[in-house]
Amino acid sequence: MRKVFTGLAALLLLAVITQFYLAASGAFDAAPIEEAFQPHRVLGYSILALAVVVTIAGAVARMPGRLIGMAGLVAGLVLVQSLIREVAKSFGDGSTVGHFVFGLHALNAMLIVGVTGTILRQSRQISRNPAKTDQMAS
């Protein structure tokens with residue numbers, strides 16, 4: 001089950017990296033903003049669902065609590081992405097404050113990448129040396 005967790009963590013990281021591509025693609029698309037960012041938005045909701053699945057898989061696999069917590073953190077940070085978007089939108093299109101607030105969306109995205117990468121790296125180490133992890137948990 002730990003290898004399943006690691007595989008799901010890898011899939012989550014791949015989805016997050018793809019999300020950056022879709023954001024850039026939407027930013028340079030000639031279509032209206034809502035239409036241009038639709039794939040980015042849909043994948044964002046999928047990332048939220050996958051982060052919840054990774055969290056549950058971590059608990060089932062009896063991964064260390066820190067990894068389970070980080071997976072839950074990813075889900076929380078993804079929710080913050082939507083919150084940032086809505087707060088920025090509330091200031092109005094083209095407002096300086098709205099642009100400043102929306103800049104936090106990119107910074108939060110970098111946190112998501114970092115946490116997801118850490119989850120994958122640590123879960124790979126645990127999957128390779130399960131006995132060492134079991135001794136640490138005792």
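Which pattern does the protein follow when it is read along the sequence? In this predicted model, the protein follows the pattern α-α-α-α-α-α, and its secondary structure comes to six helices and zero strands.

## The protein as a whole

Along its principal axes, the C-alpha trace spans about 55 × 25 × 20 Å. Of the 138 residues in the protein, 38% are buried. The protein exposes about 8,200 Å², and carbon and sulfur atoms supply 69% of that area.

| Helix pair | Packing angle | Distance between axes |
|---|---|---|
| H1 (residues 2-27) and H3 (residues 38-60) | about 165° | 10 Å |
| H1 and H5 (residues 96-128) | about 155° | 9 Å |
| H3 and H4 (residues 65-90) | about 160° | 8 Å |

H1 passes H3 in a left-handed crossing, the crossing of H1 and H5 is left-handed, and the crossing of H3 and H4 is left-handed.

## Which residues make the contacts

We begin with H1 and H3. H1 passes H3 in a left-handed crossing, and the contact is made by residues of H1 that include Phe-5, Leu-8, Leu-12, Val-16 and Leu-22, together with residues of H3 that include Pro-39, Leu-43, Ile-47, Leu-50 and Val-54. By class, the contact of H1 with H3 has 17 nonpolar, five polar and no charged residues.

The next pair is H1 and H5, whose crossing is left-handed. On the H1 side, the residues that make this contact include Arg-2, Lys-3, Phe-5, Leu-12, Val-16 and Phe-20, while those on the H5 side include Met-110, Ile-112, Val-113, Ile-119, Leu-120 and Arg-124. The residues of the contact of H1 with H5 divide into 14 nonpolar, five polar and three charged.

Finally, in the pair of H3 and H4, residues of H3 including Arg-41, Tyr-45, Leu-48, Val-52 and Thr-55 meet residues of H4 including Ile-68, Val-74, Val-78, Leu-79 and Arg-85. By class, the contact of H3 with H4 has 13 nonpolar, five polar and two charged residues.

Is Thr-55 buried or exposed? A residue counts as buried when its relative accessible area is under 20%; the relative accessible area of Thr-55 is 19%, so Thr-55 is buried. When residues up to four places away in sequence are not counted, Thr-55 touches Ile-68, Ala-71 and Gly-72. The C-alpha atoms of Thr-55 and Leu-14 are separated by 17 Å, and these two residues are 41 residues apart along the chain.

Where is Arg-62 placed? Arg-62 is in the loop between H3 and H4. Although it is not a glycine, Arg-62 has a positive phi of about 55°. The cut-off for an exposed residue is a relative accessible area over 50%, and Arg-62, at 68% relative accessibility, therefore counts as exposed.

Pro-32 has its place in the loop between H1 and helix H2 (33-36). At 53% relative accessibility, Pro-32 counts as exposed. Pro-32 and Val-115 are 83 residues apart in sequence, and from C-alpha to C-alpha they are 32 Å apart in space.

Methods. Residues numbered from 1 in each chain as written. Predicted model: local features only at pLDDT ≥ 70, side-chain atom pairs only at ≥ 80, totals over all residues. Heavy atoms only, no water. Axes fitted to C-alpha atoms, helices over the stretch in contact; angles between N-to-C directions. Helix = DSSP H or I, 4+ residues; strand = E, 2+ residues; numbered from the N terminus. Left-handed = near helix turned anticlockwise from the far one by under 90°. Contact = heavy atoms within 4.5 Å. Nonpolar A, V, L, I, M, F, W, Y, C, P; charged D, E, K, R; others polar. Buried < 20%, exposed > 50% of the residue type's maximum accessible area, 1.4 Å probe, protein only. Areas by Shrake-Rupley, 256 points an atom, 1.4 Å probe, with all protein chains shown as cover.
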